[in-house]
Amino acid sequence: MIEAAFRYSIAVSVTLVIAWPSYRTTLGNDRRFGLDRAIVLCLYAAALLMLPSTMLLPVPKAVFVFGKTGAHTVPSVINLTTLSIIWAVGVAVTSLLTVVEMSRIALIIAKARKETVGHRRVYVTSSRRVAPFSIGNAIVMNDADFSASCSRTIAHELGHVTHLHTIDLILVQSVAIFCWYNPAAWLFRRDLKNIHEFQADAYVLASGFDARDYQLFLIGRAAGMKWPGITNRLNSCDLGKRLNMMNTPDKRNRFHLLRYAAPAIGLSLAFAALCIPAIRTAVIPVRTVSNDSRRIERRLDLDIYVDGNQYPEEKINDIPVDRIKSITINKNDNRMEIETR
């Protein structure tokens with residue numbers, strides 16, 4: 001079970017590693033935040049569905065070596081058992097760290113006093129080290145931010161709440177845990193959180209706040225606390241990028257839409273990579289014959305004949321090894337012929 005999950009994570013990781021550069025180099029600085037967000041989420045969905053798609057292709061067949069002792073498999077070049085255990089330990093550690101941070105967030109919300117601003121409930125904490133953040137429908141800030149910049153902070157966090165950014169964070173954090181060893185999983189997570197901040201900033205400006213005053217407010221917040229990191233946080237994302245996004249007009253030309261073909265090309269390359277025999281062997285178990293028991297453990301997709309007569313595959317393991325005289329595989333006719341003594 002662990003090995004199968006690890007194989008699946010490899011397939012997801014291969015897709016993310018190939019898809020991330022195709023997105024980052026073409027759409028990473030785009031101002032269509034909603035469309036960029038949708039593309040990133042589609043890339044995640046494609047990464048999760050890539051392995052099931054490749055499994056529709058013919059599965060690699062077993063490799064047999066025949067000798068005096070009977071049929072056996074060539075030893076695998078890569079032993080995934082140890083790697084699977086290491087991967088499982090990493091998943092457990094990353095999951096534990098995530099649970100600890102979520103528990104701390106829940107504790108902050110539970111201890112915070114509740115304030116009502118307009119029709120919105122705000123959780124105010126006395127801890128100055130907590131940056132304003134939102135998770136789900138909850139908006140959290142400390143006393144100082146509530147007193148000094150309540151309206152702008154709430155407007156920003158309300159942008160996250162309105163766009164349902166927490167759902168995205170659950171997805172990307174889950175993939176990051178599952179593929180903790182893959183830098184592309186964390187880079188995609190960072191880029192999606194940046195898009196969230198761009199969307200929230202756009203929401204604030206669309207709400208009627210003066211752009212210059214809001215930018216000065218962000219500059220003042222740049223040196224603020226940066227915890228918690230798993231949530232949508234007011235002072236997350238590089239400030240320079242956010243100011244640039246607000247000040248740079250949206251430039252489009254007739255070739256602009258061609259950039260959106262890059263992620264599709266990246267996914268095509270990922271699919272092609274997963275079809276490479278060496279990679280497919282790593283993510284899809286090859287049908288094998290057991291060395292130790294000399295028993296066929298998985299389906300061979302061959303017609304089986306014993307002494308010239310067709311034989312049920314499910315009963316092949318009932319043939320005593322000492323009775324087998326020879327085994328011949330005819331690739332052209334897709335059949336295995338067993339001669340007994």
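This is a predicted model: local features need pLDDT of at least 70, side-chain atom pairs count only at pLDDT 80 or more; totals for chains, interfaces and linings use all residues.
First, the overview. The protein chain has 341 residues, and 43% of them count as buried. Its secondary structure comes to 11 helices and 11 strands. If you take the contacts with a separation of 6 or more, 70% of them are between residues 24 or more positions apart.

Back to T94, then. T94 is buried, because its relative accessible area is 14%, and the cut-off for buried is under 20%. You'll find T94 in helix α3, which covers residues 80–111. Leaving aside residues up to four places away in sequence, T94 touches I177, W180 and W186.

One of those partners, I177, takes us to a helix pair. Helices α3 and α6 pack at an angle of about 145°, and their axes are 8 Å apart. On the α3 side the contact is made by W87, V91, T94, S95 and T98, and on the α6 side by Q173, I177 and F178. So who's in that contact by type? Four of the residues are nonpolar, four are polar, and none are charged.

As a general point, nonpolar side chains in soluble globular proteins tend to be buried together. Here the largest nonpolar core has 24 residues, and L16, Y23, V40 and F188 have the most contacts inside it. At least two residues of this core come from each of α1 (2–27), α2 (33–54), α6 (165–178) and α7 (183–206). There is also a second, separate core of 13 residues, and I10, A11, V91 and A270 are among them. You'll have spotted V91 there: V91 also belongs to the contact of α3 with α6.

Strand β6 is mostly covered, with five of its five residues buried. In a regular strand, side chains alternate between the two faces of the sheet. Which residues of β6 point which way? A138, V140 and N142 go one way, I139 and M141 go the other, and all are buried.

Who pairs with β6? One partner is strand β4, residues 120–125, which runs parallel to β6 and is joined to it by four bridges. If you want a landmark there, Y123 stands opposite V140 of β6. Another partner is strand β5, residues 133–135, which is antiparallel to β6, with three bridges. In that pairing, S134 has I139 of β6 as its bridge partner. β5 and β6 form a hairpin with two residues between the strands, and G136 takes a positive phi near 65°.

Last stop: the open sheet towards the end of the numbering I'll be using. This sheet has four strands in the order β9-β8-β11-β10, and the pairing is mixed. Its edge strands are β9 (309–310) and β10 (324–330), each of which pairs on one side only.

S326 is found in β10. Is S326 buried or partly exposed? Its relative accessible area is 27%, so S326 is partly exposed. S326 touches E337, I338 and E339, again not counting residues up to four places away in sequence. Take I338: S326 and I338 are 12 residues apart in sequence, and their C-alpha atoms are 5.9 Å apart in space.

That's my tour; over to you.

Key:
Residues are numbered from 1 along each chain as its sequence is written. Side-chain values use heavy atoms; hydrogens and water are left out. A nonpolar core is a set of buried Ala, Val, Leu, Ile, Met, Phe, Trp, Tyr and Cys residues joined through side-chain atoms within 4.5 Å. Buried means under 20% relative accessible area, exposed over 50%, partly exposed in between (1.4 Å probe, protein chains only). Contact means heavy atoms within 4.5 Å. Two strands pair if DSSP finds at least two bridges between them. Axes are lines fitted to C-alpha atoms, for helices over the stretch in contact, and angles run from 0 to 180 degrees between N-to-C directions. Ala, Val, Leu, Ile, Met, Phe, Trp, Tyr, Cys and Pro count as nonpolar, Asp, Glu, Lys and Arg as charged, and the others, Gly among them, as polar.
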